[in-house]
Every structure is written in C-alpha cells, then in structure tokens.
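Subject: Model handover

Hello,

Here is the structure for you to look over. My notes follow below it.

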Amino acid sequence: MSEKELMKVVGFYEGLPIDDPKSFMDEKEQVPVPTSQDLLVKVNAVSVNPVDTKLRQDNGIRNALRILGFDGVGKVVAVGDEVQKFSVGDRVFYAGTTRAGSNQEYQLVDERIAALAPKNLSDEEAAALPLTSLTAYELLFEKFGLIPEENANRGKKILVINGAGGVGSILNQLAHWAGLEVYATASPKNFEWLKKTGVDYPIDYHQDLSKSFRELGIDQVEYVAVLFDITRYFDQIKHLVRPFGHVGTIVGIKEPLDIGVWKNQSISFDWEYMFAKTDYNYEIETQGEALAHIAALANEGIIRSTLSKVYSDGINAKNLKQATKDVETGHMLGKVVVSGPFNG
C-alpha cells in the first residue's frame, strides 16, 4: 500500500450542532504508515460513545480535520517493525486513544491495546464492546480489587447506578460472572434489559435508594459503581456502603464532593478513566490483555454484546450523525454501531 494513497474519513473542523451539515463531513486523507508497535487496521465497524459527543461539542475551530471514534473492529493490513502479537489478516478489536480515531478507513493502533476480536461475534457485536468493557473491567478488577475469575467473589454485593447504559450493561455481566450479587438502577421500562445483563435486583432510579434497599431487606453493599454524575447520588449512597468498601465513578464532577464522610470507615473512592493508561504510558499492555479476556468470555457465551442499534449500510457522515444523535438523547440502551464500507 502506497503511503500516498488516499482513504475515506469522517471528521469535522469545529464543534457544531449535530443537525448542522458540517457537524460531520466525508473527506479524504492519506493512508497512515505503521511504525514501531503500530498495526494498520482496515476498519469495518465503529461505535459511538458519550465521549465522542463531548469531544465534538467542546471542539473549537481547528485548522485540521478532527477524526473521532474510540471503538473499532477491523482487519490488520500492515504492521510496524516491532509488532509481535499480530499478523496481517488478523481480525482485531480495540478502544483507541487520542490519536486519529476509528472513523477512518485505515487506522493506526498500538498493538498493546488490541486483541483478537471474539470469533463468535459479528463485527457490529464486537464493536460495541471495547471502550465500555475496558472501563467496567478496570473499575471492578483493578480499582475495586475484585478477582477476575468466575464466582471468585461470592458473598459480596454491588450497586450499579445507571445500570442500563453502555458501561453498566457490561459491568453487570462481569460482576455477575465474578460472583457478586448485583443491584442496579434504571427506569422500570428497562428492568428486563437489566436482568438480561446479569442484574439480580433491578431498582427504580426514581425512588430513594435507602427505601429501595429496605424493601429488598438489605442495609449496605461492599461496592458502588456510579456510572453517572455522582453529585446527584452522593447523599443517597454515602450511608449505603459498608466499612472498608469501595465507591467508584467514571463521570467528571463540577462541584466539590465531601468524601471525608467515609474516612473513619476506611471506604475507598476510585476514579476510572479508560484513557489514563495511554495518556500517561502506564501499563498499556494490560488493556490488550483485558480485551483478550473479554473476547474469551464472549466466545464462551458468558459475556454478551450490548449492541442495541446498527447503521449497517456504510460508515459515512450521514450515518455517524444519526448514530451520534441517538447517543446524545441520553436514553439509549447499550451501544449504537455504524458498519460497512466507508462510502461517503
């Protein structure tokens, strides 16, 4: 493949309302060349995450096209001279970094953050997994210190706030597989979805959590995963965590949080941000290892894809606009994926 060859990409120059004709545009750029530990991946499917919408909306006017996309599935077409784990022809999945994203026909991906895509899943099903599964995996097994083995954490309970979202839908499954008793909040209309993703006790998020706990006959849990703005829930959860328990969140806050209330109970507070490892070059290879574990669980039928909607007639500005609009509603179950050829 010539390095001067052009590829199709979808990007933007400034953050604009999603219905603006220039919120996403079909463009062309040169195909990148892999060096060092890079894979050059021909992208077959991408998913849209809340981080995509935030970055697009926050973006000012730029001189260069910005290409988003943090989940990708595709085939390796070339490798850098230091690549050891993969070969041309391998089908891989990954959650990218702040480099040019997966909304391009060919993408450079560090082999350390990639894994062979689950054989039992389609491109679309696999594309729904990487970012959310890594976020859930790291929160449970690295920050909370749970054991990533089947039924290894029996007797412990976890409360998942916003359990029907993209991360929650994977975290529920991993927690259930690892042996925890899973309590999760959502709208009652999504209770069936919660049960399909491994939740033992769905909880109406409209109701006071303490009241819901009393009705379920429990007082406290060892772990709380807040997959939403924790400031809205802090007063409700601060007495629901057992001494020496863990509280973790994935959403930034704009107001001070008085976690001093947990000091005398030795309750730990954890931030989870999936991009921190690649941002700071910290144990990057653990993300590829985690994805390989996720792929194995998917191949065994233990983890199911959280794919909920697909635009399958091509990766282009039109479909990415519609998928992004779906995500921006804030009411999507699972993940929205765009697949097919780049045909803008």
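The side chains of Asp71 and Lys335 form a salt bridge, at 3.0 Å from N to O. A salt bridge here is a side-chain nitrogen of Lys or Arg within 4 Å of a carboxyl oxygen of Asp or Glu. Asp71 sits in strand E4 (residues 71-79) and Lys335 in strand E15 (residues 335-339), so the pair ties together parts 264 residues apart in sequence. Both Asp71 and Lys335 are buried. Buried means under 20% relative accessible area, exposed means over 50%, and partly exposed lies in between (1.4 Å probe, protein chains only). Helices (H or I, at least four residues) and strands (E, at least two) are DSSP runs, numbered from the N terminus.

Before you go further: this is a predicted model, where local features need pLDDT of at least 70, side-chain atom pairs count only at pLDDT 80 or more, and totals for chains, interfaces and linings use all residues. Residues are numbered from 1 along each chain as its sequence is written, and side-chain values use heavy atoms, with hydrogens and water left out.

**Other salt bridges**

How many salt bridges does a search of the whole structure find? It finds twelve. Here are some of them.

- Lys309 and Asp326 meet through their side chains at 3.3 Å, N to O. This pair links distant parts of the chain: Lys309 is in strand E14 (residues 307-311) and Asp326 in helix H10, 17 residues apart. Lys309 is partly exposed, at 33% relative accessible area. Asp326 is buried, at 8%.
- Asp235 and Lys238 form a salt bridge at 3.4 Å, N to O. Asp235 is exposed, with a relative accessible area of 59%. Lys238 is partly exposed, at 22%.
- Glu138, Glu142 and Lys277 are joined in a network of salt bridges.

**Overall fold**

The chain has ten helices and 15 strands. Its C-alpha atoms fill a box of roughly 65 × 45 × 35 Å along the principal axes. For 344 residues, a compact globule would have a radius of gyration near 20 Å; the chain has 20 Å, which agrees. That radius is taken over C-alpha atoms, and the globule rule is 2.2 Å times the number of residues to the power 0.38.

Of the 344 residues, 53% count as buried. The accessible surface comes to about 15,400 Å², and 47% of that belongs to carbon and sulfur atoms. Areas come from the Shrake-Rupley method with a 1.4 Å probe; for residues, only the protein chains shown count as cover. Among contacts with a separation of 6 or more, 69% are between residues 24 or more positions apart. Contact means heavy atoms within 4.5 Å.

**Cores**

The largest nonpolar core has 51 residues. Such a core is a set of buried Ala, Val, Leu, Ile, Met, Phe, Trp, Tyr and Cys residues joined through side-chain atoms within 4.5 Å. Which members touch the most others? They are Phe93, Leu140, Phe141, Phe144, Ile158, Leu171 and Leu174. Helix H3 (residues 130-143) gives the most to this core, with seven residues. A second, separate core has 28 residues, including Ile18, Phe24, Val92 and Phe342.

**Helix H1**

Asp52, Thr53 and Arg56 are buried in helix H1 (residues 50-58). Seen down the axis of H1, its buried residues fall within an arc of 95 degrees, so they line one face of the helix. The arc is that of the directions from the helix axis to the C-beta atoms. An α-helix has 3.6 residues a turn, so residues three or four places apart point the same way. The buried residues of H1 pack against strand E3 (38-48) and helix H10 (317-328).

**Single residues to look at**

Asn103 lies in the loop between strand E5 (91-95) and strand E6 (106-110). Is Asn103 buried or exposed? At 3% relative accessibility, Asn103 is buried. Beyond its neighbours within four places in sequence, Asn103 contacts Val9, Val10, Val46, Ile67, Leu68, Gly69, Leu320 and Phe342.

Asn162 is not a glycine, yet has a positive phi of about 75 degrees. Asn162 is in the loop between strand E8 (157-161) and helix H4 (166-177). Asn162 is partly exposed, at 31%.

Phe244 also is not a glycine and has a positive phi, near 70 degrees. Phe244 belongs to strand E12 (residues 241-249). Phe244 is exposed, with a relative accessible area of 64%.

Best wishes
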